[in-house]
Amino acid sequence: MRVGVVTFPGSLDDRDAVRAVALAGGEPVALWHADADLRGVEAVVLPGGFSYGDYLRCGAIARHAPVMGPLLKAAGAGLPVLGICNGFQVLCEARLLPGALIRNDRRRFVCRDQRLRVESSASAWTSAYEPGEEIVVPVKNGEGGYVADERTLDSLEAEGRVVLRYVGGNPNGSARDIAGVTDASGRVVGLMPHPEHAVDPLTGPSTDGLGFFASLLHRVAAA
Amino acid sequence: MTDTVEHAAKTPDVEQPWAALGLRGDEYARIRETLGRRPTSCELAIYSVMWSEHCSYKSSKVHLRRFTELPDETPLGKTLAGIGENAGVVDIGQGYAATFKVESHNHPSFVEPYQGAATGVGGIVRDILAMGARPVALLDPLRFGPADAPDTRRVLPGVVAGIAGYGNCLGLPTVGGEVVFDSSYAGNPLVNVLCVGVMRHEDVHRAHASGVGNRVVLYGARTGGDGIGGVSVLASETFGDEGPSKRPSVQVGDPFLEKLLIECTLELFGEGLVAGIQDLGGAGLSCATSELASAGDGGMHITLDRVPLRDASLTPEEILMSESQERMMAVVRPADVERFLAVCAKWDVPATVLGEVTDTGRLVVEWAGEVVVDVPPRTVASEGPVYQRPYARPQAQDALIAAGSDRLPRPAGGAELRETLLRMAAAPNLSAKTWVTEQYDRYVQGSTVLAQPEDAGVIRVDADSGLGVAVATDGNARFVALDPYAGAQLALAEAYRNVAVTGARPLAVTDCLNFGSPEDPGVMWQFAEAVRGLADGCRVLGVPVTGGNVSFYNSTGDTAVLPTPVVGVLGVLDDVRRRTPLGFSRAGAALFQLGETRDELDGSEWANVVHGHLGGVPPRVDLEAERRLAEILVAASGEGLLDAAHDLADGGLAQALVESCLRGGSGARVEVPEGTDPFAFLFAESAARAVVALSPGAEARFSELCAEHDYPVERIGVIADAGPDSRVDPELELRDLFTIPLAELREAHERTLPDLFD
C-alpha cells in the first residue's frame, strides 16, 4: 500500500513517519508541500514538526500549501489521513477535524513518554488496537492543548470520535484528556502523541505506535 | 560620507575610535603599520572584531598550542580535520565520520536568556553543518547561580526555553548536558552547547576560498542590525546621533530559517555544488570573508552593496560586523552558480553572489563603487596579536588547599546516613533535572538510543549495522578551583568514563574553557594549568582535542566564576544494540563496584550541600586506571555481560544508586564491604569508579575480565525488586544501616526543580 508522507518546510518527523510506514509493511511515498497532486497514494500522513516555523498559528500556513488542495479533495472522497502533532494542527486548521490546539497549560514544551488509552478502534488508524487498550507513546509539543466548545466535545464523545486519551497525567491541558480525534467518517485522524517514535524498542519507549500504521494496512487487506 | 581607502590615505590624521572599539594603542598602531596608512572605518571595524578576544584567542593561543601538539590520532586512526577547522572530524568506522564541537554563549544569555541561548544553539549547528555533516544531536552543559536566587528564576527558564525553542524547531534531539548551580555564576551563567554531526568520509568540507574566479555566495537570512556590538561606536562616529547606532547586541534567532538552511546546504553538498564553505557567526561577514580568503588562495573581492538587508539604513561598517543569524557563505565554481541558486530557491533561502576569489592576496570590499576595504586577509584572520599574559598561582591557593573537609562533622549511624542521602538526593545539583530536560525533544530524527539522564547520549548512525556514537559532557568546577591541573583532568576523566559506561569506545575531545578575566594573573594561572592538565590527560588516554572554544571575562561582579572547563568526549559503538543503560531493572542482578574508594570528600557535593564548604585537594587522578576501566566497560558491553552501568562521580555511590534505582524502578540491597567506612563508601567522590549490574550468568566472565585488566572490583549487593509489576514496594536498602522506599526517594529527588521553577 502506497502511503504518502508530506514534507512541509519545517517538517521534522517526516523521515520517522516514512520509517514507521515501512516497518508496518507499507510503501512510503515522499510528498512535497509544493506538489500539485498526490502521486496516486492510498493514504497520507501529515508529520510532526514546525511547518513554516509555525510563526502565525500552528498549521495555519501549511493548511494553504499547494499539496493541501488535492489532499482536501481526496479526504472528502474517503482518503485516510493521519495528522500527527503539527499534522493534527494542520487538519484542525483545514477544518477536516473539529477543535483547535493551543499553547500547553504550563506554557512549556513537554517531551515525555505518555500513557494513553485507545478509546475507539473504529477509525481507519486505530483498528489494530482493542478498545480500552493502554499504550505508551512519546508526546512532544508546545501547543498541544486540545480545545473545542462543550457541544462539540459532547458530540465527539457521543459519536465515539475521541480515539485516544491521556492517562496518568494530562501533559498539556487538553480538554477531557483528549489526545486524538477522528472525523465523522473515521478515516481522518489527528493525534498529538507521536506513534512514529514508538516503533522500535531501541529508539522509543515501546513499539506501541506501530498499530496506527498497521491498522491502515489491515483495513485495506480486509476490504 | 563613506570613508574610502583613497580618502584614508589622504587623511592620515583623522581621529579614530579604536579605544571605544576595544583595541589597544599598540594594536591600532600595528594596523596602521600593516596597511601603511590609517585604516578606513570599515577596516577598523573588521580588525577590531577579528582581533577581539572572542575571535582571535589572543590570550589563550600560546596555551592552546598544547592541544595542537597532541598526536592527531584517535584510537581509530588519524583525525580527518582538527583544530582550526569549523569543527574537528574523526573517523568512526564503516566509512562514516563524526564531527563535534562545544561553544559558549554565556554573556548574551545573561542579558537576554531566551535569545542568547537560542542563538548559541544556532551558531554551533552551523559550524557542524559547514563541515559537510548532518547535525544529529545537541548537548547543553549549563551553569547557573544559586537555584533559589531570584535572578535564577529569570535566567534558567529563559535559557532552557531558548534552547528548546530553537533546538526542537530545528529537529535536533537534545540528548545530554548538565545543569549545575553555584553562586559564582549568579551574574554570569554559562550556556555551552555541543553539537554532533555525521557524514560519509568523502563528504567532509573545509573552510577555504580557492580557485581564482570562483564565486562567493552569501545565502540564508537577510542581514540586519542585530548583534552589532562595538561597531555602533563607529556608526555614530561617522554619522552623528541620527544614525542607526546602539543596536541590540544580542542576536535574534529564526530556527525555521536555520532548518531550511540545513536541508538546503545538505542538498547543495549532495549535488556537489560547494567548493568551500563557512558559516557566519561571531564577527559576521568580516570573519567569513577574511577566514575563507586566508585559508584559500589568499584573495577575495566582494561588493557589499549586494548584501540583502533587513534594514536599508545599515552602514557598510554595520553590514560587515552584523551578527545576524542563519547565514552561510559558499565558494562556488562559476558553472555551478545557476544550479546553486536554484537549490536555494527550492528551499526559499535567499542567495546572492557577492564577488569572487582572487589571487591578489588582498581582501577587497567595494561599497557604492568605491573601495572601502583593502587588506591582507591573513593579518585579519590568523596573524592577529598574540599575548603572553602574565600568570601566577594566587597566594590564597595555599589556604584553600589547607582547609580540607576532614574537620567537617560527618553523619554517623544509619539514621544520619539515611537523612544525608535524602538531603543530597534533593539538593539542586544532584536532584532530577527532568524539569529542564522534558522541554527538549529527545526523539526527533528517530535515532536516539540513550538520552539524559543516561550518562551519555547515544545516537544510532547506521540503522543496518547499528553503528552509533556516544557523547558526554562534564566539568566539576569545584575540583578545578582546588587544583586546575587535576580538576581539568577529572573533568576529562568523567566525560571519558561516561562515554565508556554506555559501552562506547572514547575517541576524541572537545572543550569549552569558561574562565574569568585573562588580565587577572590568578585566572590566567587557572587557565594555563587547566589546559596543561587537559593536554597531558589526553596524551595518556590517547585521545586528541579536535576543537573547542575559550570564553574569558566570566564573572559575577568583581569575582570570577569558578574556573569551568567543560569537556565533551565522543565515542563510538559498533552496534548500539549493545549499549548499556543506567537503570536497574532486573531483579536478582548482582551489583559490582569497580575501582577503589578512598576517603576523598574535599570539594565533594557532600561538603557543598551539607556544609557549604570548598577546600582541600580534589580526588586523586589516575588516567591509566580510567583507561583500563573504560576497556573493561566496553568489552563487557560488547560481550553482553552488563544489564546496567553507571559512573560514580558527584555525590558518590549514593547518588549513583539513587539514579539507577529510580530510572529502572527497582530497589537494591547493598552491603558495605567489611572494613569500609559507610560514609566514605556512600559519599566519597573518588575517580575511576563505576557500579554495574551483571547479566544472568555473567559473573565468572566479568570477574575474569577485571582480573585481566588488573582492576579492583567488589560485589556490593543485588537488585531487589523489579519494575512496576512487582508486588513488593521497591526499596533501597543499605544492610544494617537504613532502608528507603523508592517512593520516598523519588519524592525527594524529583520535587526540587518543579518546586523552585513551576
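Two residues are said to be in contact if their C-beta atoms, placed from the backbone, lie within 7 Å. The structure examined here is a predicted model, in which local features need pLDDT of at least 70 and side-chain atom pairs count only at pLDDT 80 or more, while totals for chains, interfaces and linings use all residues. Residues are numbered from 1 along each chain as its sequence is written, and chains are lettered from A and ligands numbered from 1 in the order in which they are written.

Helices (H or I, at least four residues) and strands (E, at least two) are DSSP runs, numbered from the N terminus. Apart from its neighbours within four places in sequence, B:Q325 is in contact with B:T119, B:G122, B:A221, B:Q251, B:G253 and B:D254. A residue is buried if 20 or more other C-beta atoms lie within 10 Å of its own, exposed if 12 or fewer, and partly exposed in between, with C-beta atoms placed from the backbone. B:Q325 counts as buried because it has 29 C-beta neighbours inside 10 Å. Its C-alpha atom is separated by 41 Å from that of B:Q655, 330 residues apart along the chain.

Helix α10 (residues 255–270) of chain B has 16 residues, which at 1.5 Å a residue should span 22 Å; its end C-alpha atoms are 22 Å apart, in agreement. The expected span of a helix is 1.5 Å times one less than its number of residues. Among the buried residues of α10(B) are B:P255, B:F256, B:L257 and B:L268. The elements that cover the buried residues of α10(B) include α7 (113–130), β5 (134–144), α8 (150–170), β8 (215–220), β11 (327–332) and α13 (337–346) of chain B. Just after α10(B), B:G272 takes a positive phi of about 70°. For helix α20 (residues 521–541) of chain B, the 21 residues reach 30 Å from the first C-alpha to the last, close to the 30 Å expected at 1.5 Å a residue. B:G542 follows α20(B) and has a positive phi, near 75°.

Chain B also contains sheets. In general, strands of a sheet pair through backbone hydrogen bonds, either parallel or antiparallel. Two strands are taken to pair if DSSP finds at least two bridges between them. One open sheet of chain B has seven strands in the order β9-β11-β8-β12-β10-β13-β14, with mixed pairing. At its edges stand β9 (276–279) and β14 (370–375) of chain B, each with a single partner strand, so one side of each is left without a neighbour in the sheet. Neighbouring strands of this sheet are turned against each other by 20° on average, direction ignored. Within it, strand β10 (residues 299–303) and strand β12 (residues 351–358) of chain B run antiparallel and are joined by four bridges; B:M300 has B:V357 of β12(B) as its bridge partner.

Another open sheet of seven strands in chain B has the order β24-β26-β23-β27-β25-β28-β29, again with mixed pairing. Here β24 (642–647) and β29 (738–741) of chain B are the edge strands; each has a single partner strand, so one side of each lacks a neighbour in the sheet. The twist averages 20° from one strand to the next. Strand β23 (residues 590–594) and strand β26 (residues 690–694) of chain B run antiparallel, joined by four bridges, and B:F592 is partnered by B:V692 in β26(B).

Across β23, β24 and β26 of chain B lies α22(B), running at about 155° to β24(B). Axes are lines fitted to C-alpha atoms, for helices over the stretch in contact, and angles run from 0 to 180 degrees between N-to-C directions. B:E631 belongs to helix α22 (residues 623–638) of chain B and is partly exposed, with 16 other C-beta atoms within 10 Å.

The axes of helix α16 (residues 413–426) and helix α26 (residues 742–757) of chain B come within 7 Å and cross at roughly 30°. This makes α16(B) roughly parallel to α26(B), a description used for angles under 35 degrees, whereas those over 145 count as roughly antiparallel, 65 to 115 as roughly perpendicular and the rest as oblique.

In chain A, five of the six residues of strand β1 (residues 2–7) are buried, so β1(A) is largely enclosed by the rest of the structure. β1(A) pairs with strand β2 (residues 27–32) of chain A in the parallel sense over six bridges, and A:R2 stands opposite A:E27 in β2(A). Finally, 23 residues of chain A are in contact with 23 residues of chain B. On the chain A side, α1 (14–23), β6 (110–118) and β7 (134–141) are the elements that give two or more residues.
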